[in-house]
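I opened my notebook for a friendly look around this model. Here is what I looked up, entry by entry.

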Amino acid sequence: MTGADRHFDSGTDNGLADGLERLWTPHRMTYISGEDRPAGGYEKPAGCPFCLAPGLPPDESLVVARGEHVFAVLNLYPYNPGHLLVCPYRHVADYTELDAPETAELAAFTKDAMRVVRHVSNAHGFNLGMNQGGVAGAGIAAHLHQHVVPRWGGDANFMPVIGRTKVLPQLLADTRDLLAKAWPA
């Protein structure tokens, strides 16, 4: 019997079919449970994934492009396919801590990210933003990062609204390769 054939009510199997298919996304549990959080937390560069990513090989880091002051990396837990983060190399928490060259390059990389994602996947629009501090929703508040989230007409379908699940049609490594190849030199 599949998940679509059974219905579980309050932990009790009543054996009734509910007609729903189950899409399992167990990789999300690592993020939700905090299993991959370093013992010392993200506050120090030694445990910060944004400080560590540029030093890893491309197939492990998911870094798409590197600049002098910032880099673009795929979000390990994306909202949509092609969800990029633009991060300064320097471990700073707040936008006001960026110096002028970092601010300028962060803006330029954000524009490049939009152009590249639009080119390779025909994105119809984007959500751009920074969550400043844990209370504002930043998962890693200690290292500033700008989200570049591609959007398509109809992408807010029943899956995230009702099922609280995202369907991602491409592996992160494949997305990284596609975006890296299209990034301007």
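Is Leu62 buried or exposed? I found that Leu62 is buried, at 9% relative accessibility; buried means under 20% relative accessible area, exposed over 50%, and partly exposed in between, with a 1.4 Å probe and protein chains only.

A note on the source: this is a predicted model, where local features need pLDDT of at least 70 and side-chain atom pairs count only at pLDDT 80 or more, while totals for chains, interfaces and linings use all residues. Residues are numbered from 1 along each chain as its sequence is written, and side-chain values use heavy atoms, with hydrogens and water left out.

Next I looked up where Leu62 sits: in the loop between α3 (58-61) and β3 (63-66). Helices (H or I, at least four residues) and strands (E, at least two) are DSSP runs, numbered from the N terminus. The phi of Leu62 is near 65 degrees, a positive value in a residue that is not glycine. Most residues other than glycine have a negative phi.

Then I turned to Asn122, in the loop between α4 (100-121) and β6. Asn122 also has a positive phi, about 55 degrees, but Asn122 is exposed, with a relative accessible area of 52%.

My last entry is His145, where UniProt places an "active site" in an unreviewed entry; such annotations may be inferred rather than shown by experiment, feature names are shortened, and positions follow the numbering used here. I found His145 in the loop between β6 (125-129) and β7 (146-151), buried at 9% relative accessible area.
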